[in-house]
Structure formats: structure tokens, C-alpha cells
Amino acid sequence: QVQLVQFGGGSVQAGGSVWLSCAASQYISSWECVAWFRQAPGKEREGVAAVLTRSGRSFYADSDSVKGRFTFSQDNANSTVFLLMNSLNPEDTAIYYCAAGTSATCAGWYWPSTFFVWGQGTQVTVSS
């Protein structure tokens, strides 16, 4: 069974930065659109950002709280996507999940139901 393996996250003070990584445990044909979601306690899972791995084109949630602070990078040879999150604030505290799909998936990347392959989740906690 294909799995996405996540690393990174942890606890950081407000204003700090955190790396997240997402790698496929084996080759998957749906490693074309990789997205990050987050779920805070008591809230629904929401889309944060996504990237088309072949072109590097990225998409970010409309919220001004994400744009300009989160950045993608990739290691395509190892099917790994990284998300660097800068200038973190307590509102960024959540469990972060990555998900993978085909390139067409990115057309609706913001919706969790679009994806069928998920990582295990990693906690990011930002203290004030």
C-alpha cells in the first residue's frame, strides 16, 4: 500500500520557521499534485498549499495569512516535497497533512475529498 511519509514540524515560538517534508514510500503515478492541509482542534481540515511537481507551479490558500510565508521546494528524484513555513503565529498551530494526486487533482486542490493518498500527519505548535 502506497503511503506518504511526513517528517518535520514540532514546536516553535511565534515568528519562527518550520520545515515539513512529504515523501512517497514507493513510486506512485499520482505524484503529480502534492498538497498540504492542516487541521486545528475543533476545526475542519483546510487546504494550505499545493504544487504541480513537474512544473513547480504552486498554489496557495487565498488567505493572506499563508501567501508570502509558505514556500515549496522539491526533490523529484526522491519524490519528496518540502514546505517551508516562515513567520509562524499561534493561528498556524495544527496537524499538517500532505496528500498526493494526479495533475488534474490540483484543479480542486483545496478540497480534502479530492485526494485519496495521505500522509500520517505531523504536529506544528506555535507558542506566543
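Predicted model: local features only at pLDDT ≥ 70, side-chain atom pairs only at ≥ 80, totals over all residues.
Local features need pLDDT of at least 70 and side-chain atom pairs pLDDT 80 or more, while totals for chains, interfaces and linings use all residues. Residues are numbered from 1 along each chain as its sequence is written, and side-chain values use heavy atoms, with hydrogens and water left out.

User: Which residue does Cys22 join through a disulfide?
Analyst: A disulfide is a pair of cysteine sulfur atoms within 2.5 Å. The S to S distance for Cys22 is 2.1 Å, and the link is right-handed, with 70° about the S-S bond. The partner of Cys22 is Cys98.

User: What pattern do the disulfides of the protein chain follow?
Analyst: The structure holds 2 disulfides. Besides Cys22 with Cys98, Cys33 and Cys106 are bonded, their sulfur atoms 2.0 Å apart. With bonded cysteines counted along the chain, the pattern is 1-3, 2-4.

User: Is Cys106 buried or exposed?
Analyst: Buried means under 20% relative accessible area, exposed over 50%, and partly exposed in between (1.4 Å probe, protein chains only). Cys106 has 5% relative accessibility, so Cys106 counts as buried.

User: Which residue has its backbone oxygen 2.9 Å from a polar atom of the Thr80 side chain?
Analyst: Thr80 is buried, with a relative accessible area of 10%. Leaving aside neighbours within four places in sequence, its contacts (heavy atoms within 4.5 Å) include Cys22, Trp31 and Asp75. The backbone oxygen at 2.9 Å from the Thr80 side chain belongs to Asn78.

Conventions:
Polar contact = N/O pair within 3.5 Å; in protein donor to acceptor, adjacent residues only side chain to side chain.
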